Amino acid sequence: MTFDTQRIISLLLRMMGAVSLLLGAISPIFGVPAWATNEYVSLTGQGMSNSKQTSSIPSNFSTYKSDQLSVRYPDDWQVTFQDEYGVALVSAQDTIRTDIVLVRENPDVLVPQRLEQIVSEAVAVRRYSLVTIDGQSGFRMWYESDANQWTLVTFIGYEDQQTVVLTSEYVPDVNIEAVAMAVHDSFINRASAESN
């Protein structure tokens, strides 16, 4: 793993007061909860349940490319160039907005700070998982930012030099959420690939 995802999950659970719920599920060999490698944990309803994480890129997606990044998005979305290290993607119906920012900061520093802010401001954390995007370790969390808005945030760590933060805000709808996941999963850090 590129950054310490075990520490990130432990921190998140402490912030949410849920450490005791996972003590029985921690793998003694890897020190990571058994569900964390390929599945996500749902925090809605009674207790926690495991479900497979699936996401694929639909054929009706276009590709945005810059010197810094590449990402796929639905054909009818608008792309707004934010600066050298960021881009915003907005659906034609304004039901979803995805912001992508490349931050020149160690993920072991940035991610805990952002998670603490999210947990303190969110109405509810819905679920979270470890992910692999662009060949890198990442952490993904779904939460409700208010009663009429869901948010999906994905952090991707590139050693101790860079963190990519993808944030999608959308109306509560699982179909829209699936599109947000497909956009996040398509991310490629072109600057990182060219420097290797």
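The side chains of Arg97 and Asp99 join in a salt bridge, with N and O 2.9 Å apart; the term covers a side-chain nitrogen of Lys or Arg within 4 Å of a carboxyl oxygen of Asp or Glu. Both partners are described by relative accessible area, where buried means under 20%, exposed over 50%, and partly exposed in between (1.4 Å probe, protein chains only). Arg97 is partly exposed at 33%, and Asp99 is partly exposed at 21%.

This is a predicted model, in which local features need pLDDT of at least 70 and side-chain atom pairs count only at pLDDT 80 or more, while totals for chains, interfaces and linings use all residues. Residues are numbered from 1 along each chain as its sequence is written, and side-chain values use heavy atoms, leaving out hydrogens and water.

Now follow the chain to Arg127, which forms a salt bridge with Glu177, again at 2.9 Å between the closest N and O atoms. Because Arg127 sits in strand 8 and Glu177 in helix 4, the pair ties together parts 50 residues apart in sequence. Helices (H or I, at least four residues) and strands (E, at least two) are DSSP runs, numbered from the N terminus. Arg127 and Glu177 are both buried, and Arg126 joins them in a network of salt bridges.

Arg140 is buried at 0%, whereas Asp185 is partly exposed at 26%.
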